[in-house]
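Dear colleague,

Here is the structure I promised to hand over, together with some notes on what turned up in it. Please look through it alongside the text that follows.

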Amino acid sequence: MSVVTRSRTSSPREKRSLLSFSGGDLSKVPREVVDAREALIIDLSGNNLSTSGGDWAWRSLPDLRALYLSDNEMNSLPRTFENLSRLEVLNLQRNKQMREIPRGIIHLQSLRELHLPKIYPYDID
């Protein structure tokens with residue numbers, strides 16, 4: 001299910017603040033995510049995603065602030081996550097297959113919250 005919440009302000013930057021596909025049965029990242037250039041928050045939690053969409057899915061989201069990918073079946077993140085320079089929150093909890101995190105994630109200077117699955121060991125690629 002796709003829900004777009006529009007803010008009450010008239011600022012063009014805030015017209016599409018939330019894009020949510022949570023609690024569905026998605027096995028791949030929907031095209032709407034790639035096209036959501038103005039999204040500040042994307043919630044894909046509670047699906048059946050085995051990957052985070054590959055490199056193409058995250059190149060066009062320069063303003064993304066929060067990404068919720070918890071409760072999926074993901075095993076790694078693409079290197080393009082390093083390009084999400086404004087990302088403040090990344091939630092990967094309860095992805096039991098997660099074993100690899102891109103090394104460049106340490107360069108995300110805006111990242112304030114990183115929620116990882118409680119499964120070890122991690123391979124920081």
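Asp71 counts as partly exposed, at 32% relative accessibility, where buried means under 20% relative accessible area, exposed means over 50%, and partly exposed lies in between (1.4 Å probe, protein chains only). Please bear in mind that this is a predicted model, in which local features need pLDDT of at least 70 and side-chain atom pairs count only at pLDDT 80 or more, while totals for chains, interfaces and linings use all residues. Residues are numbered from 1 along each chain as its sequence is written, and side-chain values use heavy atoms, with hydrogens and water left out.

Asp71 is found in the loop between β4 and β5, strands being DSSP runs (E, at least two residues) numbered from the N terminus. Not counting residues up to four places away in sequence, Asp71 touches Gly46, Asn47, Gln93, Arg94 and Asn95, a contact being heavy atoms within 4.5 Å. For Asn47, which is 24 residues apart from Asp71 along the chain, the C-alpha atoms of the two are separated by 6.7 Å.

With Arg94, Asp71 forms a salt bridge whose closest N and O atoms are 2.7 Å apart; the term is used for a side-chain nitrogen of Lys or Arg within 4 Å of a carboxyl oxygen of Asp or Glu. This pair links distant parts of the chain, since Arg94 sits in the loop between β5 and β6 (100–101) and Asp71 in the loop between β4 and β5, 23 residues apart. Arg94 is itself partly exposed, with a relative accessible area of 48%.

By this rule there are four salt bridges, and among them is one between the side chains of Arg65 and Glu88 (3.8 Å, N to O). Arg65 lies in the loop between β3 (41–43) and β4 (66–68) and Glu88 in the loop between β4 and β5 (89–91), so this pair ties together parts that are 23 residues apart in sequence. Arg65 is partly exposed at 26%, as is Glu88 at 35%. Another salt bridge joins the side chains of Arg31 and Asp35 (3.8 Å, N to O); here Arg31 counts as exposed, at 54% relative accessibility, whereas Asp35 counts as partly exposed, at 42%.

Leaving aside neighbours within four places in sequence, Leu67 is in contact with Ile42, Trp58, Phe81, Leu87, Val89, Leu90 and Asn91.

Technical notes. Helix = DSSP H or I, 4+ residues; strand = E, 2+ residues; numbered from the N terminus.
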